[in-house]
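Colleague: I would like to learn how to read the features of a model such as this one, beginning with the whole chain and ending with a single residue. Could we look at it together?

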Amino acid sequence: MPSITHKTYIKADQEEIFQILTTSEGWNAWFTDNTSIKLIPEGTGEIRLRWTEFGSNKENIEDGGRILEAISNKSFIFEWSPGEKKTTVSFKLEPYKEGTLIILEEKGYSNSEKDLNACIGCAAGWGEAMMLLKIYIEHGIVYKQDL
């Protein structure tokens, strides 16, 4: 089964990155528009990722699903459906050098044409997202309007 893995080193502590990944304000600051996150104390909940006037077609995009796990300063895992089947997106945060290593994995794609196309698009998209997150955290620069 196809899957996606990206590793990105960011010169920031795990607490700062976890706060950005687990709040609506965090996502909307560097990547999305009007994303909503409802996280309950047990570390589960709901995430709705939203982009307005996205890409060359200026279309509105919304996707999301259940938050499966949110362990403070260590991991954030949720489901969404970019293709035919639900996939699971996992952000693991590990201390590394003077900052944090983010290990992003997305699993659950089938070998259908629709899922393979979604996997290819998300592989590129998550790589771009990790660089946008790095630039935002390390330098305070936001490029999401250029997407």
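Modeller: What follows goes from the overall fold to the paired strands and then to one threonine. This is a predicted model, in which local features need pLDDT of at least 70 and side-chain atom pairs count only at pLDDT 80 or more, whereas totals for chains, interfaces and linings use all residues. Residues are numbered from 1 along each chain as its sequence is written, and side-chain values use heavy atoms, with hydrogens and water left out.

Colleague: In what order do the elements of the chain run from the N terminus on?

Modeller: Helices (H or I, at least four residues) and strands (E, at least two) are DSSP runs, numbered from the N terminus. Here there are 3 helices and 7 strands, and their order is β-α-α-β-β-β-β-β-β-α.

Colleague: Why does the radius of gyration of the chain agree with that of a compact globule?

Modeller: The radius is taken over C-alpha atoms, and the globule rule is 2.2 Å times the number of residues to the power 0.38. For 147 residues a compact globule would come near 15 Å, and the chain has 15 Å, so the two agree. The C-alpha trace spans about 40 × 30 × 30 Å along its principal axes, and buried residues (under 20% relative accessible area, against over 50% for exposed and in between for partly exposed, with a 1.4 Å probe and protein chains only) make up 44% of the chain.

Colleague: Which strands pair with β4, and in what sense?

Modeller: Two strands pair if DSSP finds at least two bridges between them. Strand β3 (residues 45-54) and strand β4 (residues 59-71) are antiparallel over 8 bridges, with Arg 48 opposite Gly 64; their hairpin has 4 residues between the strands, and Gly 55 takes a positive phi near 75° there. β4 also pairs in the antiparallel sense with strand β5 (residues 75-80), over 4 bridges, where Ala 70 faces Phe 76 and Ile 71 stands opposite Ser 75. The hairpin of β4 and β5 has 3 residues between the strands, and Asn 73 in the turn has a positive phi of about 65°.

Colleague: Which residues point one way from β5, and which the other way?

Modeller: In a regular strand the side chains alternate between the two faces of the sheet. In β5, Ser 75, Ile 77 and Glu 79 point one way, while Phe 76, Phe 78 and Trp 80 point the other way, and all are buried. β5 is joined by 6 bridges to the antiparallel strand β6 (residues 87-96), in which Phe 91 is the bridge partner of Phe 76; this hairpin has 6 residues between its strands.

Colleague: Is Thr 100 buried or exposed?

Modeller: Thr 100, which lies in strand β7 (residues 99-107), counts as buried because its relative accessible area is 0%. Contact means heavy atoms within 4.5 Å, and, leaving aside neighbours within four places in sequence, the residues in contact with Thr 100 include Tyr 9, Ile 10, Ile 17 and Leu 93.

Colleague: Which backbone nitrogen lies 3.2 Å from a polar atom of the Thr 100 side chain?

Modeller: The backbone nitrogen is that of Gln 14, a residue that is also in contact with Thr 100.

Conventions: Polar contact = N/O pair within 3.5 Å; in protein donor to acceptor, adjacent residues only side chain to side chain.
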